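The sequence and the coordinates should be kept in view throughout.

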Amino acid sequence: MTRATVAPAPEAPAAARAPRALQAVRGMNDVLPDEAGLWEQVEDAVRGVFRQYGYRNLRVPLVEPTALFVRGIGEYTDVVEKEMYTFEDRLNGDSLTLRPEATAGIVRAAIEHNLTYERPQRVWTAGPMFRHERPQKGRYRQFHQFDVEALGFAGPDVDAEQMLMLARLWKALGVAEGITLSINSIGDAPERVAHRARLIEHFERHAAILDDDAKRRLHTNPLRILDSKNPALQEMVAAAPRLLDLLGASSRAHFDGVQRLLSDHGVAFRIEARLVRGLDYYNRTVFEFVTDRLGAQGTVAGGGRYDGLFEQLGGKPTPACGFALGVERLILLLQESGSVARAAPLAYIVHSGDAASALAGRAAESLRDAGHAAVLNAGGGSFKSQMKRADVSGARFAVLIGDDEAAAGTATVKPLRGGGEQFTVPVAELATALSASPPSPI
Ligand code: HAM
């Protein structure tokens, strides 16, 4: 009976009793309705372009066995070394990880379901990824990607197709001006092994100036030293042997094929011999679409070929190529360029009085029947306050229904944007009248 003998805790002061408001985890953002409209527009545009190229949706879990990422992305990458959200399954002690990217999960799923058994597959997925990075503009701990993978295709045509697809998307969203494409070839395994040996030799000759990071990577991941931001290493990095100069005939032909296709389709690119990307599974083509409008986090989309990943994860040899697009960065770029109009309803319906409210409800439904977005004022309010809400909603028209309109079965239409005169129509003809109006210029 311990409970009975415990003295009641002294009454806490009122202020202490009020629960403290909690906040989102650092680097993990809410997307509030004002901004989510833009997200939806971007998502619609992206899905539309993917569909045009025959890519189909595939959905994989947010949580995977930790070993998948260690084997897939590489033990000595930044992502695996320090950025993964890893935890133990309470039931059996398995090590699980919140996905830091989608490629490894998609390849796991493709192997598990024998997806490429009959034919190659073009797939895409979308959703949150998790990396424990230091948050800053354009870099978050929970961020979103559109991820595209072409599984079972060996030729340079799919590499080029994916870059074409992104170039088309930038055009559709009106941001093509601000984005440039860099490409490189990092060769096949034997070329990479030879290059690695040459790199180590080169770095060892400059051992005296290597910083701690570079020393640590010298024998684990020397390629990453090329990415070093340390000014003291730049001269040595610039003089390092380039993989591009060591490519064999077949890698060279593949890379030439990619370039020819891009040129044929008028997609401008720059060969960036130092482009290596941060994940270990790549071979041959790697590419990034970069903008200078977002400061340090300028890579909007990046990817490449990964012909060895299926085998590395226990599957049959399957050539593949893919990329991921960072949704937050694209949204930031769109906001910065001001190039996407805000999604707004066609009409906001203002009403007062019981009879008017019933007619207003029918008017709203008739607009939706015609495929329009219509917001019906809810929660009452004076005519003036309802008109204010109509304006804030961004609607093109305010549709007013009061006692007079209710008695006559009509609605008064007041253009809020894009000009035009106020007019009155029977509610039965409202949808036709508003559909006939020229689209709003916003
Ligand atoms: P990634 O380069 O690690 O590639 O990421 C792709 C894109 O995701 C980046 O270019 C960037 O736009 C966005 N991104 C990455 N980290 C963050 C972050 N912390 N905050 C905001 N955005 C971020 C991959 O993930 C590969 N799986 C791409 C791929 C698919 N390769 C072949 N298939």
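The paragraphs below treat the sheet, the helices beside it, the nonpolar cores and one further helix in turn.

The model is predicted, so that local features need pLDDT of at least 70 and side-chain atom pairs count only at pLDDT 80 or more, while totals for chains, interfaces and linings use all residues. Residues are numbered from 1 along each chain as its sequence is written, and side-chain values use heavy atoms, with hydrogens and water left out.

The sheet comes first. Helices (H or I, at least four residues) and strands (E, at least two) are DSSP runs numbered from the N terminus. An open sheet is formed by 8 strands in the order β1-β5-β6-β11-β10-β9-β7-β8, with mixed pairing; two strands pair if DSSP finds at least two bridges between them. Because β1 (56–57) and β8 (270–271) stand at the edges with a single partner strand each, one side of each is left without a neighbour in the sheet.

Several pairings can be followed strand by strand. Strand β6 (residues 142–151) pairs with strand β11 (residues 320–326) in the antiparallel sense over 7 bridges, and Ala150 stands opposite Cys321 in β11. Strand β11 is also joined to β10 by 5 bridges, and these two run antiparallel; here Gly303 stands opposite Phe323 in β11. On β10 there are also 6 bridges to strand β9 (residues 283–291), again antiparallel, and the bridge partner of Val286 in β10 is Gly304. Strand β10 (residues 299–305) is mostly covered, since 6 of its 7 residues are buried, where buried means under 20% relative accessible area, exposed over 50%, and partly exposed in between (1.4 Å probe, protein chains only).

Helix α3 (residues 33–52) lies across β5 (121–130), β6 and β11, and runs at about 5° to β6; axes are lines fitted to C-alpha atoms, for helices over the stretch in contact, and angles run from 0 to 180 degrees between N-to-C directions. Helix α6 (residues 103–112) is mostly covered, with 8 of its 10 residues buried. Its buried residues include Thr103, Gly105, Ile106 and Arg108. Among the elements that cover them are β2 (63–65), α4 (66–73), β5, β6 and α12 (309–312), contact being heavy atoms within 4.5 Å. Asn114, which follows α6, has a positive phi, near 55°.

What holds the largest nonpolar core together can be read from its members. A nonpolar core is a set of buried Ala, Val, Leu, Ile, Met, Phe, Trp, Tyr and Cys residues joined through side-chain atoms within 4.5 Å. The largest has 79 residues, of which Phe50, Leu166, Trp170, Leu262, Leu325 and Leu330 touch the most other members. Helix α7 (residues 156–173) supplies the largest share of this core, 10 residues. Leaving aside neighbours within four places in sequence, Leu330 is in contact with Val42, Trp170, Leu173, Val175, Val300 and Leu325. A second, separate core of 20 residues includes Ala363, Ile401, Ala411 and Val425.Ile331 belongs to helix α13 (residues 327–337) and is buried, with a relative accessible area of 2%. Not counting residues up to four places away in sequence, Ile331 touches Glu35, Leu38, Trp39 and Val42. The C-alpha atoms of Ile331 and Val300, 31 residues apart along the chain, are separated by 9.8 Å.

The 16 residues of α14 (residues 354–369) should span 22 Å at 1.5 Å a residue, and the end C-alpha atoms are 23 Å apart, which agrees; the expected span is 1.5 Å times one less than the number of residues. In α14, Ala356, Leu359, Ala360, Ala363, Ala364 and Leu367 are buried. Seen down the axis of α14, the buried residues fall within an arc of 145°, so they line one face of the helix; the arc is that of the directions from the helix axis to the C-beta atoms. On the other side of α14, Asp354, Ala355, Arg362 and Asp369 are exposed. The cover over the buried residues of α14 includes β12 (347–351), β13 (374–376), β14 (397–401), α16 (403–408), β15 (410–415) and α17 (430–436). Gly371 follows α14 and has a positive phi, near 90°.

Within strand β14 lies Ala398, which is buried, with a relative accessible area of 0%. Not counting residues up to four places away in sequence, Ala398 touches Tyr348, Met387, Ala390, Thr412, Val413, Lys414 and Leu416. The C-alpha atoms of Ala398 and Phe143, 255 residues apart along the chain, are separated by 37 Å.
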